[in-house]
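I opened the model to look up helices, strands and the contact between the chains. My entries follow in the order I made them.

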Amino acid sequence: MTTQGQTFLTNITNGTKVRLLKIDAGQGLKARLAAMGLLAGAEFKVINNGHPGPFVIELKGSRMVLGRGMAGKIIVKLSER
Amino acid sequence: MIPPMAEKIKKITVALAGNPNSGKTTIFNSLTGMRQHVGNYPGVTVEKKEGFCRYQDYELDIIDLPGTYSLTAYSTEEVVSRNFIIEQKPDVVVDVVDASNIERNLYLAVQLMELNVPLVLAFNMSDIARQKGLVFDIEKLSALLEVRIVQTVGNKKQGIDELLDGIIQTAQQQPKNPASLIKYGSEIEKEIEKLQQKFDELRNDRWTVIKLLEQDADVLGHIHNEEIVISVMESILRLKNIFGEEPEIIIADRRYGFISGACQETVKNTVEIRHNRSDMIDTVMTHKIFGLPIFIAMMYIVFDLTFRFSEWPMGWLEMFFGWLGRGISGFWSAGSDNILKSLLVDGIIGGVGGVVVFLPNIMLLFAAIAILEDSGYMARAAFVTDRLMHKIGLHGKSFIPMLIGFGCSVPAIMACRILENRRNRITTILVMPLFSCGAKLTIYALIIPAFFAEQWRGPVMWLIYFIGIALAVIAAKILRITLLKGETIPYVMELPPYRMPTAKSVLLHMWERGWLYLKKAGTIILLLSIILWAAARYPRMNAEKLAGLNDAEAQTAMLKYSVIGRAGSTLEPALKPLGFDYKIATALIGSMAAKEVFVAQMGIVYAVSEHDDASVLQEKLRSDYTPLQGFCVMLFCLISAPCIATIAITRSETGRIGWAIFQWAGLTTLAYMVTFVVYQVGMLIF
């Protein structure tokens, strides 16, 4: 875990709600993700931390699969209960 | 008699926009029914669907735009969509919104509003939204967004008339000006204002200004005034300094903020959103261990059923062509050697008929693919195969074009556009012909029943498909560590909830692909059949030389003497180690143009078209060759020389003829090596 509750998405267990802080990616990819609702501040739930393999999250009522590597580029913070 | 009224039909052009998985296609199908056709947008290989609909006094021309999440310049689909809207100025744009997933879907709606187009929102799948406990205050939301909203259930045809009313009313109204509805906060608004005041051409074009601040490459490319570009760059730098982030991301954030504000007041969630059923199915379907075996089993079932159920309609088609051939032969005396009779019966009916017979196979396979797609399983299949795909240096998303590749390499190679990474895309394109397409299926459908007992047909078919996949995997892996080295880019994809596919959508899909296949049969295959018929018939042998031979011997002698027989004979020594004789070599020459021609060619080589069914050809094959040879033919056809259409599309999609040549030569070499090994080893064993 990094400081102040910030961590990579890959460290989050199934069923946990998190808030997106930062995506470590190029502009093009970031914009594409933003269009799908994945941008700083977005809240979502980890459905399946696929260890190893793709990652499933629930974001704004829809299911998204994040490919390998993608989840490792997303920095999140646990949501307050 | 009543005098004919002057035509008062008014035309309305409607563009249909929406997210992927929003049910846009079901709305399109409900509006247009069978009155639709598929084409391409000029200059790009994005599919363009257009349909027509008559409602009251109006003729609606409906264009189904590609499904997109946004209107940025990052994908061809998005550029195509927005250019269509900007340049063609449709009278109405309908945005199909998945009502059960409203916030994300409204993102596109907001961008359409910014484009200042006459807009109607179709809140689709409103039944599912209700089940999920979502309650909308449509009136209020409509007022907040200043846009007309209609609730629909596309697959049950609910709300379609209301949608049509909405379209017509919107077309007649003066468009409102909701473009400035969304405010981006004082910092960004200040920059927008500055730019609009400074440059006259931007004054009434808020959309362009926003796109410029978003650093949209396409819009930027159309600006020729250097000063504007410099001013925009300055604005972007100022905003970056304030926010510590690209303005693009801030703008996206503000749009979501606007949407979420509007939804807070108008959408009530009475139950916590749950995907219980989908989740339960997913724990099995995407299981770490069982996911892949389930996927393989599903594919097996698909191919097995395709084979089983197409048997009867194929029988009927065979009977029909047999009857047609006999009917036409009846105009000439028995045993006549009239050119026209031979052309019609042996060339055209034999050639085209032999290919059309496999139409049921093709249609059933596409129906199965449509079911997999519509049910939502296709996205899971990509998920399940991601692990595997990653190992060969591709990702799960490559899997979708590959699955289409089982239908036809041509659309599959076009579908590779969904892969953003160029190396991934080229790798996927290059190995695509290794996936057994519908045309290769016609070859298997001829060979397998000829050499293998009933209970082995399914397994042999599966084995052939499997070998193709395995070779594609190996080839891709090799390409990714040699010619096309590089990191794989992570991907993100939506997992739609499982849905019951509608019969209509499956049937439409099946019909569409079947029709394309028939068109191919009526054009290129017809032409090639005639050419091959002539090449197999000419030059003619002297009648004296045939004296003393029986019919079958004479046929063989004449074929050997013809253009194609000579070419086949020339190649025979080279193909002998693979178990092929000059007849197979002859058919292989034909199949270089289009794989299904192999079947037609074998039919002509054996002159079976006058007989009434394909089992005659299969019987002849059985008496001439061993099952090992049959298997090697399938293997060679699977791997070798992609058809002309594939070569053409590989060239245009990779941008270089070099890749197409490399693909053709590489695969043919591979085919030779693999078949050589299989035949030689097989000879030792059997």
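**Notebook: two chains**

I began with helix α28 (residues 597-605) of chain B, which is mostly covered: nine of its nine residues are buried. Buried means that 20 or more other C-beta atoms lie within 10 Å of the residue's own; 12 or fewer means exposed, in between partly exposed, with C-beta atoms placed from the backbone. Helices (H or I, at least four residues) and strands (E, at least two) are DSSP runs, numbered from the N terminus. I listed the buried residues of α28(B), among them Val597(B), Phe598(B), Gln601(B), Met602(B) and Val605(B).

I noted the ground rules. This is a predicted model: local features need pLDDT of at least 70, side-chain atom pairs count only at pLDDT 80 or more, and totals for chains, interfaces and linings use all residues. Residues are numbered from 1 along each chain as its sequence is written, while chains are lettered from A and ligands numbered from 1 in the order in which they are written.

**Exposed or buried?**

Next I looked up Ala543(B), which sits in helix α24 (residues 543-546) of chain B. Is Ala543(B) buried or exposed? Ala543(B) counts as exposed, because it has 9 C-beta neighbours inside 10 Å. I also took the C-alpha separation from Ala543(B) to Gly325(B): 26 Å, for 218 residues along the chain.

**A helix pair in chain B**

I then checked helix α13 (residues 291-309) against helix α22 (residues 454-481), both of chain B. Their axes are 10 Å apart and the packing angle is about 125°. Axes are lines fitted to C-alpha atoms, for helices over the stretch in contact, and angles run from 0 to 180 degrees between N-to-C directions. α13(B) and α22(B) are therefore oblique to each other. Under 35 degrees counts as roughly parallel, over 145 as roughly antiparallel, 65 to 115 as roughly perpendicular, and the rest as oblique. On the α13(B) side, the contact uses Tyr300(B), Phe303(B), Asp304(B) and Phe307(B). From α22(B) come residues including Arg457(B), Met461(B) and Trp462(B). Contact means C-beta atoms, placed from the backbone, within 7 Å.

**Strand β8 of chain B**

Strand β8 (residues 148-151) of chain B has both faces covered. Arg148(B) and Val150(B) are buried on one side, Ile149(B) and Gln151(B) on the other. I found β8(B) paired with strand β6 (residues 119-124) of chain B, parallel, over four bridges. Two strands pair if DSSP finds at least two bridges between them. Val120(B) stands opposite Arg148(B).

**A sheet across both chains**

I turned to chain A, which has one helix and six strands. Buried residues make up 51% of its 81 residues. Which order do the strands of the open sheet have? I read β1(A)-β6(A)-β2(A)-β3(A)-β4(A)-β5(A)-β10(B), seven strands with antiparallel pairing. β1 (6-8) of chain A and β10 (492-495) of chain B stand at the edges with a single partner strand each, so one side of each has no neighbour in the sheet.

Arg63(A) stands opposite Leu495(B).

**The chain contact**

Last, I counted: 29 residues of chain B are in contact with 28 residues of chain A. On the chain B side, α11(B) gives the largest share, five residues.

Definitions and conventions: Two residues are in contact if their C-beta atoms, placed from the backbone, lie within 7 Å.
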